[in-house]
Amino acid sequence: MKTKLMMLALLMLVPSLGFAQYPEIQHDEQKEKQWRSMENGPWDFAPDWYYWLFHKNYSGAYLTWKWRGFHSSLGVDFDEGDSNVKRIMPVRVIEEETQRLKVKKVNEEYEKIEELHKEEVERAADRNVDLMYASFKDDFNRMQDRITEGLLFCMTKSGGKMKYQVNELSRENEIVCQNVEYIHRQGVGYELENAKRQQAYSDAKVKMEGIVSRVAHLVGMAQCYY
C-alpha cells in the first residue's frame, strides 16, 4: 500500500517537473505608439478617445470625421503641431551635434596648444645653444690681437706718455669684450634666441672695428711723435 502511494505521488509531480514555466511576453501597443511618437515615428497615441478626453494638450488630439463608406464615423486624430510638447529626437540630434562641435573645438584647441608647445620647445632648444658665436669668433680674436699689439706698441714707443689714451681705449674694449662674453653664456638664466645673439654679435663687431681703427690711429701718432 505504501509503495502504491509513493508511486502515485511521483506521478503527480511529473507534470510540474517536465514542463518549465516561462513568463509570457506581452506586446503593449499603447506604449509602443507613445514611444514612437516621442522619438521619430508617426504622431499617434492609443487609446485615442482617452487621449482626446484627458490629454488633448499633450497629444494634440482632435475630433474628425473618418470616411469608411458605410462604416464612417466620428474619430480622433492627432496633430503634432497642436501639441504642447516636442519630440525627444530633434533635441537629441541637436545635443549630439552640439556635443560633436564641442569635441571638434576641443580637438582644434588641443592641436593649437600642441603646435605652440612644439614651437616653444624648438625656441627653448634654440636659446640653450649658441649657434652664432662660431661665425664671429675668428673676427673677434683677430681684432683683439690687433688691439692688444697696438696698445702695447703705443705704451712702449711713448715710454708711458700715452697711458691715458691707452687706458681709455682699453676700458672701451673691455666693455665690448664683456658684452660678447655675456651674450655667449649658455644654460639656465642665459637663454637667448640665436637671431638676437647674431644681432648682438654684429653690433659688438662694429664697435670692436671702431676701436681697432682708433688704435691704429693712436699707433700712427706714436710713430710720428715718439
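This is a predicted model: local features need pLDDT of at least 70, side-chain atom pairs count only at pLDDT 80 or more; totals for chains, interfaces and linings use all residues.
Let me start with Arg214, which is partly exposed because its relative accessible area is 40%, where the term covers the range between buried, under 20% relative accessible area, and exposed, over 50%, computed with a 1.4 Å probe and protein chains only. Residues are numbered from 1 along each chain as its sequence is written, and side-chain values use heavy atoms, with hydrogens and water left out.

Back to Arg214, then, which forms a salt bridge with Glu172, with 2.6 Å between the closest N and O atoms; by salt bridge I mean a side-chain nitrogen of Lys or Arg within 4 Å of a carboxyl oxygen of Asp or Glu. This pair links distant parts of the chain, since Arg214 sits in helix α8 (residues 194-225) and Glu172 in helix α7, 42 residues apart, and here helices are DSSP runs of H or I with at least four residues, strands are runs of E with at least two, and both are numbered from the N terminus. Glu172 is itself partly exposed, at 21% relative accessibility. There is also a network in which salt bridges that share partners join Asp139, Arg142 and Lys205.

Staying with helix α7, which spans residues 163-184, we find a salt bridge between Arg171 and Glu168, whose closest N and O atoms are 2.8 Å apart. These two residues are three apart in the helix, so about one helical turn separates them. Arg171 counts as partly exposed at 44% relative accessibility, and Glu168 is also partly exposed, at 25%. Ser170, in the same helix α7, has a relative accessible area of 30% and is therefore partly exposed, and its C-alpha atom is separated by 7.9 Å from that of Leu151, 19 residues away along the chain.

How many salt bridges does a search of the whole structure find? The search gives seven, and one that I would like to show you joins the side chains of Lys66 and Asp77 at 3.5 Å, N to O. Lys66 belongs to strand β1 and Asp77 to strand β2, so the pair ties together parts that are eleven residues apart in sequence. Asp77, at 29% relative accessibility, is partly exposed, and it is also the bridge partner in β2 of Tyr62.

The strands themselves, β1 and β2 (residues 73-78), pair in the antiparallel sense over six bridges, where pairing requires that DSSP finds at least two bridges between them. Their hairpin has six residues between the strands, and Gly69 there takes a positive phi near 65 degrees.

Leu63 lies in β1, residues 61-66, and is partly exposed at 34% relative accessibility. Together with Trp49, Trp65, Trp67 and Leu74, Leu63 forms a nonpolar surface patch with about 600 Å² of accessible area, as given by the Shrake-Rupley method with a 1.4 Å probe, only the protein chains shown counting as cover for residues. Patches consist of residues with over 30% relative accessible area and no salt bridge, like charges being joined within 9 Å and nonpolar side chains (Val, Leu, Ile, Met, Phe, Trp, Tyr) within 5 Å.

Finally, a patch of negative charge on the surface gathers Glu108, Glu109, Glu111, Glu114 and Glu115; Asp and Glu count as negative and Lys and Arg as positive, without His or the chain ends, and each charge is placed at NZ of Lys, CZ of Arg, CG of Asp or CD of Glu. Glu115, in helix α5 (residues 88-128), is partly exposed, with a relative accessible area of 48%.
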